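Please look through the sequence and the model shown below before reading on. The report that follows starts with one residue and then widens to the whole chain.

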Amino acid sequence: MPRVSLMAEVPEDLHDALQAYLDNHPAWSQHRVFCAALSLFLMQNGYTDRRINRIYLDALFDYAI
């Protein structure tokens with residue numbers, strides 16, 4: 001699956017919380033978290049595309065994304 005690099009500024013509190021989560025859950029990576037979060041956001045807001053659903057499920061169940 002092709003990848004695109006994404007750079008985003010997030011509030012420091014959000015970054016700190018994400019880093020704490022990642023430190024305590026080594027199976028998760030920043031890439032996996034962002035794929036899960038962004039695809040879930042799109043699905044919850046009416047974007048209906050099976051490819052997005054697949055990305056969410058792959059991220060959620062740790063299938064290679």
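Is Arg-32 buried or exposed? Arg-32 is buried, with a relative accessible area of 7%, where buried means under 20% relative accessible area, exposed means over 50% and partly exposed lies in between, as found with a 1.4 Å probe on protein chains only. Arg-32 belongs to helix α2, and its side chain reaches the backbone oxygen of Ala-59 at 2.6 Å.

This is a predicted model, in which local features need pLDDT of at least 70 and side-chain atom pairs count only at pLDDT 80 or more, while totals for chains, interfaces and linings use all residues. Residues are numbered from 1 along each chain as its sequence is written, and side-chain values use heavy atoms, with hydrogens and water left out.

## The protein as a whole

The protein has three helices and zero strands, and along the sequence these give the pattern α-α-α; helices (H or I, at least four residues) and strands (E, at least two) are DSSP runs, numbered from the N terminus. The C-alpha atoms fill a box of roughly 30 × 25 × 20 Å, taken along the principal axes.

Of the 65 residues in the protein, 18% are buried. Among the contacts with a separation of 6 or more, 37% are between residues 24 or more positions apart, a contact being heavy atoms within 4.5 Å.

## How α2 meets α3

Helix α2 (residues 30-44) and helix α3 (residues 50-60) have axes that come within 8 Å and cross at roughly 140 degrees. Such axes are lines fitted to C-alpha atoms, for helices over the stretch in contact, and the angles run from 0 to 180 degrees between N-to-C directions. The two helices are therefore oblique to each other, since angles under 35 degrees count as roughly parallel, over 145 as roughly antiparallel, 65 to 115 as roughly perpendicular and the rest as oblique.

On the α2 side, the residues that make the contact include Arg-32, Cys-35 and Ser-39, and on the α3 side they include Ile-52, Tyr-56 and Ala-59.

## Ser-39 in the contact

Ser-39 also sits in helix α2 and is buried, with a relative accessible area of 4%. A polar atom of its side chain lies 2.6 Å from the backbone oxygen of Cys-35. When neighbours within four places in sequence are left aside, Ser-39 is in contact with Ile-52, Ile-55 and Tyr-56.

Terms used: A polar contact is a pair of N or O atoms within 3.5 Å; within protein, one must be able to donate a hydrogen and the other to accept it, and residues adjacent in sequence count only if both atoms are side-chain atoms.
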